[in-house]
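Please keep the structure in view while reading.

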Amino acid sequence: MPRRPSKPRTIRRQAQTRHDSTRTALTVPALKRAILDNLFFIQGKFPAVATRNDYYMAVACTVRDRLLDRWINTARSYYQERSRTVCYLSAEFLLGPQLGNNLINLGIYPQVRQAVEELDLNLDELLDHEPEPGLGNGGLGRLAACFLDSLATRQIPCIGYGIRYEFGIFEQEIVDGWQVERADKWLRLGNPWEIARPEIRLDVKYGGRTEHRRDGDGRLRVYWLPERIVKGTPYDMPVLGYRVNTANLLRLWKAEACECFDLSAFNVGDYYRAVDEKVVSENVTKVLYPNDSFLTGKELRLRQQYFFVSCALQDMIRLFRQRDLKLDCFHEKFAVQLNDTHAAIAVAELMRLLVDEHELDWDAAWGVTTRTFAYTNHTLLPEALEKWPLALFQKLLPRHLEIIFEINRRFLDPVRVRFAGDDDRVARLSLIDEGGERYVRMAHLACVGSHAVNGVSALHTDLLKRHVLRDFHELAPEKFSNKTNGVTPRRFLLLANPRLAALLDDRIGNGWVSQLEELRRLESQVGDPGLRRAWRKVKQANKRDLARYVRQRLGIAVDPQSLFDVHVKRFHEYKRQHLNLLHAITLYNRLRSGGREGFVPRTVFFGGKAAPGYALAKQIIKLIHAVADVVNRDEESGGLLKVVFLPNFNVAGAQRIYPAADLSQQISTAGMEASGTGNMKFALNGALTIGTLDGANIEIRQEVGEENFFRFGLSADEVRGVKARGHCPRQHYESDPELRAAIDLIREGYFSRGDREVFRPLVESLLDHDPYLVLADYRSYVRAQDEAGRAFQDADRWTRMSILNVARMGKFSSDRAVEEYCRDIWHTEPAPVEM
């Protein structure tokens, strides 16, 4: 039959016209019609029987249709222009709820609110109904999400690659003061923001053995004969930039079995074996961060990391070969960022794919690999610099271990020449830890296989160079740079704090939303009494909102006029929630001793999750509840002091808490926190910081001014000095009466109904070891807290400090951070998308 090209073109033009008029229009009538259409055609409901979830899904699908228009045009543009693309490999993407953020970025928040109200619905209730995808544990995953937002806003081509965990970070319940973990069933009601791509299924191999033999051309080849193959299926989510047409791609991988059901086993009555392959395969992406206290947990984590990295690299090669055939130019198309050591196995996997699957010679493949990858280090803690037992690596990834041995040999040979006789240096640089049980050092692999290595705050990068990665820095100093973290102002100010955003718009215009440095224009208005009154009004309204939420959810009445002293973050000893709690007990003791005169009313908020296997962190959560139970019911405190734990802290909770905070607790042991981003989110919302000289605190203090920051504690160098000389925590306990009184209340069972055993491990850890110098910093911390209390009593002074904090936070936008990565590491340019 003869081809008639004109007809398909006509059909495409007609389809485009229909699609423009019915699926992407932004007027209120069009949005109402779309919501009702989606309720009918997607949810299969009519209004009289529709549930809140039905309406949420209908609204979400209405918004998604408008995202898809930009998403498909973006993909088409990148394909046609062969745009250089950033690929961000991260085991975590802590996205937060999507509906509100997409309304902000599309610029249709008012229209959708009106459309929803005209349908007799409440948009706020629908926003609250949205399940949060708990695909991250804390700052690492939230930074990845901020970067995706900023890359799209800056119109940089990007693909985020990660894992579609069926159950994300656990939901935290509190039972008798103890944390109890419940499965995070975020997919239970469906996810309207994702599109499954079952036609793209990739093989991921595990176990087995390798064979070395010559092929038909006489070349020595290595063949991996795996024990098991798991299929990786991608699920795609659009990430839209703010008020631009660019919608980038987040591609999350789900593990599936090659054959999900063994009918022959079922037919003979072996029902467990019939689904065994499905269960074992799908376990790979079942849960975010399985407990790795046991070998089986370690094995599953390694399986997870390799799974998503292999899927990502195979997918990149698939996309590359749609237009190009020569993989020796792969690095010209893709710039791949390894977000911490979770993705470091990518170095060995890309070498395997290039050498074994696509037959590049080793030197060419290594050149491509090292020019493709860059590595961000996010930690100074030794336990977080991942090492895998050699035996486990051999069992799961035998071919990769061979490749790592070869990388190590080729890397160390010139090191031995350059540093002749320095065997200790060679041992420190080796990718294999030979001290006792042998381990593969993943941070070392990332350093060797990347062309750039960066830290995430000025102090962190300096400590990497001087201590953690000192030998690598001395070997190749040109690789190292600092890229201080940032946060997106769209989610954490415009969306989270609409009252403050409206005040900023009124005073300086709305350019700050995409150019955060414009906040500096606020500084000249700090002397205006009208601004300060409006500023206090906004803060008080936000505090009343949080107080109402606490009363409704927890049954605790808090005074919005009190100082809201907030400490919300992942629980870890180095983050020192117990130092804050010791101060709260000290305040309580002062009230018990009659010290009400001049006492500043204070509500101390805690929130955050402890890793399931981290017993001491969970004991700190229990102690917080025990203290709260006593303090909040004690009439002697006269309502002047309250302690509140906000359970199940997540992104949605953060958006409620940050705008209401007066004082931001950033009190980690100096030299332990790589950067922190909660410190930035609090300050951006007008909270003042009490903190150590740790992570990005140092740079925040430099920007906002020393006089607008409550600094305390030892510096990073002083911490190292104290530990080197030998630290005796009991000396601080014995010499400081207030500290001794606080610890004695805990030790003697005052907060545990006379039970002296329940908190014994925590007390003994502090008195006998105190590895994070809680007692050493206690007195300095109490003095800084007293100073903060006095400042809060002077409302006008506090308001000036708050305004200046916000005005000087322009540096801490994730937009600025990704621009620095683009300029210095990725060498990418914006690729604007035309509609």
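## Confidence in the model

This is a predicted model. The average pLDDT of the protein is 94, and 96% of the residues reach a score of at least 70.

The start of the chain is another matter. Over residues 1-18 the pLDDT stays under 50, and for this stretch the model has one contact beyond four places in sequence. Where pLDDT is low, the predicted coordinates should not be read in detail.

## The second largest pocket

The second largest pocket holds about 740 Å³ of space. It is lined by 31 residues, and those closest to its centre are Ala75, Tyr78, Tyr79, Ile159 and Leu319. By class, the lining of this pocket is made up of 15 nonpolar, five polar and eleven charged residues.

Several elements contribute to the lining of the second largest pocket. Helix H3 (52-81), strand E2 (158-163), strand E10 (247-257), helix H10 (295-320) and helix H11 (330-333) each give at least two residues. The largest share comes from H3, with seven residues.

## Enclosed cavities

The count of cavities of 30 Å³ or more comes to five. The largest cavity has a volume of about 170 Å³. Its lining consists of 16 residues, with Gln98, Asn101, Ala145, Asp149 and Val239 nearest the centre. Helix H4 (99-106), helix H7 (139-153) and strand E9 (228-240) each supply at least two residues of this lining. Divided by class, the lining of the largest cavity has eight nonpolar, five polar and three charged residues.

The second largest cavity has a volume of about 90 Å³. Among the residues that line the second largest cavity are Tyr56, Gln98, Glu130, Trp186, Trp193 and Met237. By class, this lining has seven nonpolar, three polar and one charged residues.

## Aromatic pairs

The whole structure contains 19 aromatic pairs. One of them joins phenylalanine 710 and tryptophan 798 in a stacked arrangement, with 6.0 Å from centre to centre and 20 degrees between the planes. This pair links distant parts of the chain: phenylalanine 710 belongs to strand E23 (residues 709-711) and tryptophan 798 to helix H33 (residues 795-807), and the two are 88 residues apart. Phenylalanine 710 counts as buried because its relative accessibility is 1%. Tryptophan 798, at 6% relative accessibility, also counts as buried.

Tryptophan 798 also pairs with phenylalanine 792; this pair is edge-to-face, at 5.2 Å centre to centre and 90 degrees between the planes. Phenylalanine 792 and tryptophan 798 are both buried. Elsewhere, ring pairs link Tyr88, Phe147, Tyr821 and Trp826 into a cluster.

Alanine 247 is part of strand E10. Its relative accessibility is 2%, so alanine 247 counts as buried. Apart from residues up to four places away in sequence, alanine 247 touches Leu67, Arg70, Trp71, Thr74, Val239 and Leu240. Alanine 247 and glutamate 597 lie 350 residues apart in sequence, and their C-alpha atoms are 57 Å apart in space.

Arginine 425 sits in helix H16 (residues 423-429). With a relative accessibility of 12%, which is under the 20% limit, arginine 425 counts as buried. Leaving aside neighbours within four places in sequence, arginine 425 is in contact with Phe419, Asp471 and Glu474.

## Two residues with positive phi

Most residues other than glycine have a negative phi. Arginine 753 has a positive phi, near 55 degrees, and is not a glycine. Arginine 753 lies in the loop between helix H30 (737-747) and helix H31 (760-769). Its relative accessibility is 75%, so arginine 753 counts as exposed.

Aspartate 770 is not a glycine either, and its phi is positive at about 45 degrees. The loop between H31 and helix H32 (774-793) holds aspartate 770. Is aspartate 770 buried or exposed? Aspartate 770 is buried, because its relative accessible area is 2%.

Technical notes:
Residues are numbered from 1 along each chain as its sequence is written. This is a predicted model: local features need pLDDT of at least 70, side-chain atom pairs count only at pLDDT 80 or more; totals for chains, interfaces and linings use all residues. Side-chain values use heavy atoms; hydrogens and water are left out. Helices (H or I, at least four residues) and strands (E, at least two) are DSSP runs, numbered from the N terminus. Buried means under 20% relative accessible area, exposed over 50%, partly exposed in between (1.4 Å probe, protein chains only). Contact means heavy atoms within 4.5 Å. On a 1 Å grid over the protein atoms alone, a cavity is a set of points where a 1.4 Å probe fits but cannot get out, and a pocket is an open set with protein on both sides within 12 Å along at least five of seven lines; lining residues have an atom within 4 Å of a point. Grid points are joined across faces, edges and corners, and a volume is the space filled by probe spheres set on the points. Ala, Val, Leu, Ile, Met, Phe, Trp, Tyr, Cys and Pro count as nonpolar, Asp, Glu, Lys and Arg as charged, and the others, Gly among them, as polar. pLDDT is the predictor's confidence in each residue, from 0 to 100. Rings of Phe, Tyr and Trp (its six-membered ring) pair if their centres lie within 6.5 Å; planes under 30 degrees apart count as stacked, over 60 as edge-to-face and the rest as tilted.
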